[in-house]
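Please keep the sequence and the three-dimensional view at hand while reading.

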Amino acid sequence: MKIVIAGGGMVGLTLSQLLQLRGIESTVIERMPRDAYVPRGYMLGFQGYDPLQEIGVLDEIRREGWDIAPREDGSAVAVAVEVGKVLHALARDLDVMYEHSVVGLVHGEDGRVVGVEVEGPDGRREIASDLVVACDGINSPVREMAGFQADFAPLADATLAWMGPEPGGVSFAMAYLSDGGHIGTLGWPQGSAGWRSIEKVGEEAALAPGLDAIKEMWVRLLPECETGIAGVTSLEQIRYGEPRLLSCPKWWSPGVLLIGDSAHFFGPETGISSGIGLGDAQALAQAVLQNPDDADAACQSYETWRAPVVRPYEAMDPGRQRMVPAGAPARPEDRWPPVE
């Protein structure tokens with residue numbers, strides 16, 4: 001089966017490695033240059049352990065990061081690690097078409113997708129395929145080209161986040177606020193980050209109190225982040241955002257399949273988006289192995305296996321509603337921007 005993977009991020013690289021282990025070659029197309037990525041922390045949840053263990057990089061990645069909630073048996077619920085460590089391990093020994101983008105889908109006479117049009121430094125060309133797998137993120141161009149319905153659901157809250165170079169003292173900490181919102185921090189050997197939910201007030205209002213006030217608020221509400229946030233020295237390290245959930249009623253049509261963030265994206269409280277995406281890659285690789293000559297049958301098998309895993313997370317994502325403690329009034333000191 002000729003497989004084109006659109007997107008050479010974590011999920012796309014994992015899929016290519018898992019296919020290779022099953023004797024199936026794939027073509028990975030990635031728009032960014034080799035080794036180009038945004039340095040940041042990454043929380044690898046246990047949902048992604050099995051595929052990385054199969055590839056043989058899980059132990060390496062754990063050594064590069066900090067365990068979250070380690071257990072007596074040596075396992076951990078998750079790992080906090082710099083994302084580049086994961087990408088470099090997954091890209092090893094893969095031939096990726098860097099600095100290329102999928103700019104079109106090629107259709108056969110029956111309407112089936114039979115290839116992609118790719119643009120790179122040397123111009124455009126077509127690559128034939130039996131299956132195009134979209135691993136190109138929440139705003140997936142391939143999903144849009146293929147005409148899949150994408151249901152975006154704005155979260156009730158906005159987020160205020162920071163990232164700095166100071167590792168901090170903890171791999172993970174999170175607390176719930178009196179209004180049902182949450183605040184958290186993630187730490188790894190090269191830095192740390194934090195996030196919290198706030199009302200949708202816009203970037204200007206969210207940053208108006210200033211850097212010192214933001215740092216004081218974080219330490220007061222979540223003392224575990226004191227060491228990490230000390231490395232934040234500019235408002236440019238603070239980000240305001242209004243995230244959205246993503247779900248797609250259909251994950252595949254003849255010749256095209258959506259996996260990872262192209263198919264589903266969860267709220268920050270779940271901490272599972274990438275782990276679920278890695279599981280998607282493993283399920284698809286096995287489905288292709290069992291249906292090596294029939295891409296549609298592989299997609300059907302994939303959907304049968306993954307829907308019972310993914311759909312409940314989509315339906316029950318805590319970002320869809322706040323759970324406010326009964327009878328507990330919201331504390332003004334938990335709000336941001338501060339109550340005047």
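Predicted model: local features only at pLDDT ≥ 70, side-chain atom pairs only at ≥ 80, totals over all residues.

Which residue in β5 is the bridge partner of Trp66? The partner is Ala80. Residues are numbered from 1 along each chain as its sequence is written, and side-chain values use heavy atoms, with hydrogens and water left out.

Strand β5 comprises residues 76-82; helices (H or I, at least four residues) and strands (E, at least two) are DSSP runs, numbered from the N terminus. Two strands are said to pair if DSSP finds at least two bridges between them. Strand β4 (residues 66-70) pairs with β5 in the antiparallel sense over 4 bridges. These two strands form a hairpin with 5 residues between them, and Gly74 in the turn has a positive phi of about 95°. Strand β3 (residues 41-45) also runs antiparallel to β5, to which 5 bridges join it. Here Gly45 stands opposite Ala78 in β5. Strands of a sheet pair through backbone hydrogen bonds, either parallel or antiparallel.

β5 is mostly covered, with 6 of its 7 residues buried. Buried means under 20% relative accessible area, exposed over 50%, and partly exposed in between (1.4 Å probe, protein chains only). Helix α4 (residues 83-91) is likewise mostly covered, 7 of its 9 residues being buried. The buried residues are Val83, Gly84, Val86, Leu87, Ala89, Leu90 and Ala91. They pack against α1, β3, α2, α3 (58-64), β5 and β6 (96-98), where contact means heavy atoms within 4.5 Å.

Helix α1 also takes part in a helix pair. The axes of α1 and α9 come within 9 Å and cross at roughly 30°; axes are lines fitted to C-alpha atoms, for helices over the stretch in contact, and angles run from 0 to 180 degrees between N-to-C directions. The two helices are therefore roughly parallel to each other, given that angles under 35 degrees count as roughly parallel, over 145 as roughly antiparallel, 65 to 115 as roughly perpendicular and the rest as oblique. Met10, Val11, Thr14, Leu15, Leu18 and Leu19 in α1 meet Gly277, Leu278, Ala281, Gln282, Leu284, Ala285 and Val288 in α9.

Two further sheets deserve attention. In one, 3 strands form an open, antiparallel sheet in the order β11-β17-β20. Its edge strands, β11 (151-154) and β20 (264-265), each pair on one side only. β11 and strand β17 (residues 244-247) pair over 4 bridges in the antiparallel sense, and Phe152 stands opposite Leu246 in β17.

In the other, 5 strands form an open sheet with antiparallel pairing, in the order β13-β14-β15-β12-β16. The edge strands are β13 (172-176) and β16 (238-241), each pairing on one side only. Direction ignored, neighbouring strands of this sheet are turned by 10° against each other on average. β13 runs antiparallel to strand β14 (residues 182-188), with 5 bridges joining them, and Met174 stands opposite Gly184 in β14. Helix α7 (residues 211-221) packs on this sheet, touching β12 (158-164), β14, β15 (191-198) and β16. The direction of α7 makes about 90° with that of β15.

Charged side chains provide a further set of links. The structure holds 12 salt bridges, each being a side-chain nitrogen of Lys or Arg within 4 Å of a carboxyl oxygen of Asp or Glu. One of them joins Arg22 and Glu54 at 2.7 Å, N to O. This pair links distant parts of the chain, 32 residues apart: Arg22 lies in the loop between α1 (10-21) and β2 (26-30), and Glu54 in helix α2 (residues 49-55). Arg22 counts as buried at 16% relative accessibility, whereas Glu54 is partly exposed at 33%.

Asp280 and Arg306 meet in another salt bridge (2.9 Å, N to O). Asp280 lies in helix α9 (residues 273-290) and Arg306 in helix α10 (residues 295-316), so the pair ties together parts that are 26 residues apart in sequence. Both Asp280 and Arg306 are buried. Finally, Glu117, Glu119 and Arg124 are linked in a network of salt bridges.
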